[in-house]
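Please look over the model below before reading these notes. The points are numbered so that each can be taken up separately.

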Amino acid sequence: MRRRSETVVALLLFCSAACAVAFVVFYAIEKLGRNTQYMGLALGGSLAFLAAALIVTGDRLVETEQIEEEYPLPDEAAQEQVDELVADTGRRFTRKRLLGTAAGLAGASLGAALITPAASLGPVLDTDPLTRTPWRRGRRLVDTHGTPLRADEVDPKTFYTAYPEGADHDLIGSPVIVARLDPGRLRLPRDRAAWAPEGIVAYSKICTHAACAVSLFRTPRFPPTQPRPAIVCPCHYSTFDPAEAGKVIFGPAGRPLPQLPLMVTAAGELAAGGNFSGPVGPSWSEVRNRRAT
Ligand code: FES
């Protein structure tokens, strides 16, 4: 009976270890789709098997003896009884190594499963890819179908989403918002004076709060009593002023939207005059000290 309980505990611990390893495998192999249901099942299974192993250990293997009468003074017979009990306990743990191995394996793999998700916090050593964008001087702005965006097609009171010609549209540094503003109301820094030809400005479409796509453009219906045009992120309503270099005027975003310098080609099409004014995407510890590359 006791041997069977020990075997059951060892099996439960091995099952717990196997489930924890399965969690790490689901997490690490992207081809499996990082299915959260499978990961949850694996981690839950690991904890459940561990709990079952502890219950069986506590119930069947830990010696519990309740003495109701007063504890007798030690005598020779009692000493013999104690020796027998110790010997008995020793016999029970002749499989101690098996149980120890199973417990160690379960503990190590469960620990690995618990720290594995820390990898999702992002790259630690090589963070350069986070600041790389496909924008270069002369690269034309195109729509989703690859058609170049002409400056004379950009109407006021609306906005356009554009991408770098020939680059992957899904890159975080690709999409930009383009809008036409009154050139007389632009308040750009002096070194960006030439970044908005004819009052047309472009900013990264990725919110600097938590990387949602900024997809609302507020335009006053009754100027001047209504607020001036603004780019708004629908996630937590960070609001950016396109006339003032993407400055945050409301909401949780901690830094301005990165601005893309624009120029108009001889054919009247919009092209980038260079790279963004700063790193694209959500704010993180290093971001304030770096430039887009
Ligand atoms: S992600 Fe844009 S406001 Fe939060």
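1. E269 is buried at 15% relative accessibility, where buried means under 20% relative accessible area, exposed over 50% and partly exposed in between, with a 1.4 Å probe and protein chains only. E269 forms a salt bridge with R140, and the closest N and O atoms are 2.8 Å apart. A salt bridge here is a side-chain nitrogen of Lys or Arg within 4 Å of a carboxyl oxygen of Asp or Glu. The two partners lie 129 residues apart, R140 in the loop between α4 (96-115) and β1 (141-142) and E269 in the loop between β10 (262-264) and β11 (270-272). R140 is partly exposed, with a relative accessible area of 24%.

2. On provenance: this is a predicted model, in which local features need pLDDT of at least 70 and side-chain atom pairs count only at pLDDT 80 or more, while totals for chains, interfaces and linings use all residues. Residues are numbered from 1 along each chain as its sequence is written, and side-chain values use heavy atoms, with hydrogens and water left out.

3. The secondary structure of the protein chain comes to 4 helices and 11 strands. Helices (H or I, at least four residues) and strands (E, at least two) are DSSP runs, numbered from the N terminus. Of the 293 residues, 35% count as buried. Contact means heavy atoms within 4.5 Å; among contacts in the protein chain between residues at least 6 apart in sequence, 59% join residues at least 24 apart. The chain exposes about 17,300 Å², of which carbon and sulfur atoms supply 58%. Accessible areas come from the Shrake-Rupley method with a 1.4 Å probe, and for residues only the protein chains shown count as cover.

4. Which members of the largest nonpolar core touch the most other members? They are L186, V201, V214, I231 and F240, in a core of 18 residues. β3 (176-180) and β4 (200-204) each supply at least two residues of this core. A nonpolar core is a set of buried Ala, Val, Leu, Ile, Met, Phe, Trp, Tyr and Cys residues joined through side-chain atoms within 4.5 Å. Leaving aside residues up to four places away in sequence, V201 touches I177, V178, A179, L181, L186, A196, P242, Q259 and L262. Another core, of 17 residues, lies apart from it and includes W135, V176, L270 and A272.

5. A search of the whole structure finds 8 salt bridges. One of them joins the side chains of E198 and R180 at 3.6 Å, N to O. E198 sits in the loop between β3 and β4 and R180 in strand β3, 18 residues apart. R180 is buried, with a relative accessible area of 19%, whereas E198 counts as partly exposed at 46%. Salt bridges that share partners join R228, D241, E244 and K247 into one network.

6. R60 and D59 also meet through their side chains in a salt bridge, at 3.6 Å, N to O. R60 is partly exposed at 43% relative accessibility, and D59 is exposed at 56%.

7. How many disulfides are there? The count comes to 1, a disulfide being a pair of cysteine sulfur atoms within 2.5 Å. C212 and C235 form it, with their sulfur atoms 2.0 Å apart. The torsion about their S-S bond is about -100°, so the disulfide is left-handed. C212 lies in the loop between β4 and β5 and C235 in the loop between β6 (230-232) and β7 (239-241), 23 residues apart. C212 is partly exposed at 22%, and C235 is partly exposed at 35%.

8. Two further cysteines can be noted. The sulfur of C19 is 6.7 Å from the closest cysteine sulfur, in C15, which is too far for a bond; C19 is buried at 17% relative accessibility. C207 is buried, with a relative accessible area of 2%.

9. The structure holds 3 aromatic pairs. F159 and F217 have ring centres 6.1 Å apart and planes at 50°, so the pair is tilted. Rings of Phe, Tyr and Trp (its six-membered ring) pair if their centres lie within 6.5 Å; planes under 30 degrees apart count as stacked, over 60 as edge-to-face and the rest as tilted. F159 belongs to strand β2 (residues 159-164) and F217 to strand β5 (residues 216-218), 58 residues apart. F159 is partly exposed at 22% relative accessible area, whereas F217 is buried at 14%.
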